[in-house]
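Subject: Structure handover

Hello,

Here is the structure for you to look through. My notes on it follow below.

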Amino acid sequence: PLLTWLCSALAEKTGKVLGEFCRCYKEQYGVALFNSVRYEIEGNGGPQAQLLHRKVPLDDHVIYSGNLFQYIEENKKWRNRFCVVPHNYGLVLYENKLAYERELSPRVLVNSAGYKILTSVDQYLELVNNSLPGVTPKSGHSPILKCPTDFPLILWHPYARHYYFCVMTGKEQEKWRAVFQDCVRHCNNGISEDSKVEAPAFTDAIRMYRQSKEQYGTWDMLCGNETQVLSNLVMEELLPELRTTIGPRLKGKAQERQRTWIQISDAVYRMVYDQTKDQYDAAMAKCELERPQLESTIRTDMDQIITSKEHLASKIRAFVLPKAEVCVRNHVQPYISSILEALMTPTSQGFAEVREVFFKEVTDMNMNIVNEGGLEKLVEYMEKLSHLAFHPVKMQSCYDKMDQLKLEGLQQRFDVSSTSVFKQRAQIHMRQQMDDAVYTFETLLHQELGKLQGKDDLCKSIQRILERVLKKFDYDSSTVRKKFFREALLQITIPFLLKKLAPTCKGELAKFQELIFEDFASFILVENTYEEVVLQSVMKDIMQAVKEAAVQRKHNLYRDSMVLHNSDPNLHLLGEGIPIDWSEEYSGQPEAEPDADKRRRAKQVVSVIQDDEGVLPYEVGAEALLQPGSPEPEQPDPGVPPSSPVGVKEIREALAQESLGDADVSSGASVQHGTPAPPKPADDVPAEATVPHVTPASPTPRAEPPSPSAEIVCHQPNDKETGEEVAPLGGECSPPQPTGTTESGEGVQTEF
């Protein structure tokens with residue numbers, strides 16, 4: 001009965017949430033398409049950026065790789081793992097470095113969207129204890145996790161499985177934490193901003209859906225790609241029901257009940273992901289089929305649609321604006337300057353640190369060229385400099401400034417659940433501005449190299465270009481920050497105003513529907529027009545506050561009247577050229593290297609730590625970390641690709657039993673996929689080395705022989721996929737078939 005209920009509840013909740021969401025999405029798709037076409041026709045862009053923008057910053061490069069220990073839940077052992085972070089910021093775990101070098105399938109692929117990086121077991125235990133109320137280990141009892149060193153790294157997720165790592169030194173922990181945080185930051189930003197229709201339609205549909213449930217304000221789980229976000233939306237409603245129904249039936253010690261609950265939640269999350277992906281993909285395909293007809297109507301009737309919308313807006317404005325202005329005056333206006341100051345201080349400090357790090361790196365490079373001399377050294381340093389923005393450790397001092405953001409009492413007043421959304425957004429802007437500055441610098445320097453005579457000319461030219469780029473950085477930084485401040489203020493105040501106005505305004509909006517012509521109903525929505533009116537009621541105060549902050553020059557912001565137009569008319573033409581490959585262009589090699597040799601020589605952005613403190617090597621440490629009294633485990637043949645445990649099947653069997661306490665429950669796992677290995681970093685990377693712009697050939701996916709018990713589909717993993725692949729839930733809720741077992745019970749855990 002419990003198994004039947006679980007499958008039924010999961011399918012029902014997913015279908016209900018996705019049904020409502022897809023209705024919102026279809027409505028918002030037409031509005032977003034209209035706005036996109038209108039913007040295309042009318043333009044109305046902002047200030048022109050002075051810095052160049054690199055199109056493909058890290059294609060086929062490795063961010064970081066190195067050894068660390070992972071806790072294997074299936075056999076409760078700590079094992080040495082070789083971790084690679086490729087350019088798409090997934091975490092790829094191999095059995096060892098040899099398995100990576102042989103391009104064998106990895107043990108685990110993790111998309112870290114939605115995860116938190118913890119460096120304390122106590123932090124983790126607190127979150128675990130809160131996840132299942134009423135189940136807390138008694139004092140003196142063994143906790144759910146013991147770490148053999150003082151330097152843990154734990155990836156915690158409210159719904160998905162957790163990952164446990166540790167290292168031997170604090171220096172390693174600090175570096176790995178910076179790398180993991182960069183992965184989370186990148187994966188959380190999984191909805192492509194290049195999409196001018198689908199992305200705004202999706203985010204607006206999410207917002208409208210949550211507001212229909214009386215949920216206003218920021219949402220921490222708006223992270224990852226579209227399917228991940230929708231899975232989080234379903235789990236937010238489904239999890240309390242699971243906790244109420246399944247929680248009391250868990251048996252055994254508190255630690256076992258916690259561990260079982262985590263594994264059940266993970267398995268359910270992956271099943272929800274599969275169902276959500278199918279339904280969302282179907283809704284997307286339907287909208288795409290209708291797009292040509294919608295776009296034709298928009299282009300034909302653009303003027304009439306605009307006139308109709310303005311007429312509707314004027315009627316709603318007359319009804320809403322007086323109430324909104326009173327609400328703004330009494331509840332928002334007095335706090336705008338406080339919110340802005342709280343945002344400006346850490347953000348401006350972070351961008352100032354970006355400027356300082358960039359200045360220091362270029363100045364140090366120039367001094368080293370003076371002392372060591374020549375174009376050869378320039379090439380070496382430019383290879384490192386070109387990926388400065390993607391060096392998590394060197395950028396960490398910039399990101400740390402933003403971590404100081406606190407809204408204090410304002411956070412409760414305006415129903416801001418967390419400041420993380422603002423921190424991560426600002427940190428992404430910092431990384432982008434750093435890369436723009438670096439790319440502009442190397443483009444200008446590359447243009448000058450043919451005109452220079454000797455080392456002195458080179459150093460003077462570097463200094464002159466640096467000053468030129470810093471001026472452009474200051475202007476673009478000011479533009480980006482002012483836009484960020486305006487967006488953050490709107491993101492904080494608009495949901496608050498909508499919630500305040502809802503009792504008196506929302507119920508009256510239906511009467512305005514009759515003002516919309518039926519032919520234009522796909523492009524004009526009363527709810528969206530109402531929100532635009534509310535936005536206009538507070539926008540003037542927000543613009544004025546940011547303008548006054550710029551006049552004060554307290555945070556090095558330019559005034560709005562300071563506009564640079566085409567200060568370098570030919571610079572943006574340079575940015576359209578072929579990307580600069582310093583090592584190939586100036587290495588003096590007579591012929592190109594074979595692709596295989598390129599891959600072997602590819603370096604990474606962050607070097608592996610060279611620790612000289614006398615710590616045991618990892619291979620020795622792995623033996624020492626095995627539990628006392630446990631025999632040395634047999635190592636699987638590295639030539640045999642790992643296959644997946646049947647985690648979902650076991651959980652379903654466990655749920656069907658009367659007592660879950662004695663069930664051997666393991667986390668969900670995927671049907672095995674052939675997985676190409678990322679490019680291999682060089683073994684002799686010096687400390688703090690950065691990547692030369694080598695472009696290795698993308699390895700071809702290795703075909704896996706089909707298993708008699710499962711149909712295996714090989715494909716390239718990409719940034720749009722995540723979660724373990726399980727058999728789709730049908731009417732019978734049939735479990736997936738195993739592809740075999742391995743010594744450690746591990747398989748490919750997550751795809752990205």
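A residue counts as buried if its relative accessible area is under 20%, as exposed if over 50%, and as partly exposed in between, using a 1.4 Å probe and protein chains only. This is a predicted model, so local features need pLDDT of at least 70 and side-chain atom pairs count only at pLDDT 80 or more, while totals for chains, interfaces and linings use all residues. Residues are numbered from 1 along each chain as its sequence is written, and side-chain values use heavy atoms, with hydrogens and water left out.

Salt bridges

A salt bridge here is a side-chain nitrogen of Lys or Arg within 4 Å of a carboxyl oxygen of Asp or Glu. The count by this rule is 31 salt bridges. Helices (H or I, at least four residues) and strands (E, at least two) are DSSP runs, numbered from the N terminus.

Asp474 and Arg355 form one of the salt bridges, with their closest N and O atoms 2.8 Å apart. Asp474 lies in helix 13 (residues 454-505) and Arg355 in helix 8 (residues 302-372), so this pair ties together parts that are 119 residues apart in sequence. Asp474 counts as buried at 13% relative accessibility, whereas Arg355, at 29%, counts as partly exposed.

Glu442 and Arg54 also meet through their side chains in a salt bridge (2.9 Å, N to O). Glu442 belongs to helix 12 and Arg54 to the loop between helix 1 (2-42) and strand 1 (62-72), so the parts tied together are 388 residues apart in sequence. Both Glu442 and Arg54 are buried.

Arg270 and Asp266 form a salt bridge (2.9 Å, N to O) inside helix 7 (residues 254-300), where they sit four residues apart, about one turn of the helix. Arg270 is buried, with a relative accessible area of 3%, and Asp266 is buried at 0%.

There is also a network of salt bridges that links Glu40, Glu198, Arg291, Glu295 and Arg299.

The sheet

Two strands pair if DSSP finds at least two bridges between them. Seven strands form an open, antiparallel sheet in the order 4-3-2-1-7-6-5. Its edge strands, which pair on one side only, are strand 4 (108-110) and strand 5 (116-118). The twist from one strand to the next averages 30°, where angles run from 0 to 180 degrees between N-to-C directions and axes are lines fitted to C-alpha atoms, for helices over the stretch in contact.

Strand 5 pairs with strand 6 (residues 152-156) over three bridges, and Lys116 has Trp156 as its bridge partner. Strand 6 and strand 7 are joined by four bridges and form a hairpin with six residues between them. Strand 7 also pairs with strand 1, over two bridges; there Phe69 stands opposite Cys166. From strand 7, Tyr163 and Phe165 point one way and Tyr164 and Cys166 the other, and all are buried.

A helix pair

Helix 10 (residues 392-402) and helix 12 (residues 420-448) pack at about 145°, with axes 9 Å apart. The residues of their contact (heavy atoms within 4.5 Å) divide into eight nonpolar, one polar and two charged. In this count Ala, Val, Leu, Ile, Met, Phe, Trp, Tyr, Cys and Pro are nonpolar, Asp, Glu, Lys and Arg charged, and the others, Gly among them, polar.

Regards
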